[in-house]
2 protein chains.
Amino acid sequence: MSEKSEARPNVVIFCDGGCKPNPGAGAWAAILRYGEKEKELTGGERETTNNRMELTAVTRALEELKVPCSVRIVTDSEYIANAFRQKWIDNWKRNGWKTASKEPVKNKELWVTLDALIAKHLVTWEWTRGHAGHPENERCDELATETRMKLFGC
Amino acid sequence: MSEKSEARPNVVIFCDGGCKPNPGAGAWAAILRYGEKEKELTGGERETTNNRMELTAVTRALEELKVPCSVRIVTDSEYIANAFRQKWIDNWKRNGWKTASKEPVKNKELWVTLDALIAKHLVTWEWTRGHAGHPENERCDELATETRMKLFGC
RNA sequence: CGACACCAUUUCAG
DNA sequence: CTGAAATGGTGTCG
């Protein structure tokens, strides 16, 4: 009910990423929804991991937003959702990007980029179980698979 | 070209196993080829799994060999082929028969038996995709199905 | 130890 | 085409 959030456009982002094999040829996809408008984004990399693709999907989607928004992000990656919902990332930043077991956090550059994008918006995270019939999640899955096949023939 | 391998008879083993339903009534079959000679083996169990039948097929075939041989084993089970080609079994032995995800390896007794048999021979593994027209693989498939029907009527 | 995701093969059912 | 079981692997975190 704050004046701040009322001023922001409401956007929903669905995203997914995959890799075949893992690690290997990967692809990602995202759907941005703003009112009646929808945009689909997708891309791939020849040598990557499943988690990097999941991170890339969110990041690329957020990069589309030109003004501060209220964003609901729907992902099936607990790796990503928990990093923000359970504040893992706050701990990482606090202690020099080390995990709870003192190992360096993987994919740090991607996390830093994502974290900076997140800061511009009012973000709520929603986790949905993969392959459980969620329409937009399944659409992203298909899109990413399609992209991977187009780009890498597998 | 080593004297060791020249001394060994050259044998080829084709094998397959199945289960209907899975788990349930299963059967296996193997073809041993040594020069012009061929022997067919088959058997079944009332309550088993697909993978146990695949393992049993190889094991029973190897048990026929009375002297150390050069053996080419042709299977459509990546479960079995990878256990040896990708050295899964070495890892299992190293860390107390736990899988990569710390679960106990299934069918351990069968693996141990098979591993001991393997050690007596010079074995090369060949994987062939199931139901892809490989004549001996299809023959084994037929044989096993026949056995399952004879023994369990299904 | 737990969780999620990604992937491979086989075996079946409809 | 749609399911599920039997088995394995990696990517990542608490």
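Trainee: By class, which residues make up the surface near RNA strand C?

Mentor: A residue is near a strand if one of its heavy atoms lies within 4 Å of it. Ala, Val, Leu, Ile, Met, Phe, Trp, Tyr, Cys and Pro count as nonpolar, Asp, Glu, Lys and Arg as charged, and the others, Gly among them, as polar. In this predicted model, the surface near RNA strand C has 16 charged, 13 polar and six nonpolar residues. The closest of the 35 surrounding residues are A:Lys20, A:Glu78, A:Arg129, B:Lys20 and B:Glu78. Of the RNA atoms within 4 Å of the protein, 93% belong to sugar and phosphate.

Trainee: Which polar contacts with RNA strand C may be cited?

Mentor: A polar contact is a pair of N or O atoms within 3.5 Å; within protein, one must be able to donate a hydrogen and the other to accept it, and residues adjacent in sequence count only if both atoms are side-chain atoms. A side-chain N or O atom of B:Asn50 is 2.9 Å from a base oxygen of RNA strand C. Phosphate oxygens lie 3.0 Å from a backbone N or O atom of B:Gly130 and 3.3 Å from a polar side-chain atom of B:His131.

Trainee: At what angle do the axes of H2 and H5 of chain A cross?

Mentor: Helices (H or I, at least four residues) and strands (E, at least two) are DSSP runs, numbered from the N terminus. Axes are lines fitted to C-alpha atoms, for helices over the stretch in contact, and angles run from 0 to 180 degrees between N-to-C directions. The axes of H2 (residues 50–63) and H5 (residues 108–119) of chain A come within 10 Å and cross at roughly 30°. H2(A) is therefore roughly parallel to H5(A) (angles under 35 degrees count as roughly parallel, over 145 as roughly antiparallel, 65 to 115 as roughly perpendicular and the rest as oblique).

Trainee: Which conventions apply throughout?

Mentor: Residues are numbered from 1 along each chain as its sequence is written, while chains are lettered from A and ligands numbered from 1 in the order in which they are written. Local features need pLDDT of at least 70, side-chain atom pairs count only at pLDDT 80 or more, totals for chains, interfaces and linings use all residues, and side-chain values use heavy atoms, with hydrogens and water left out.
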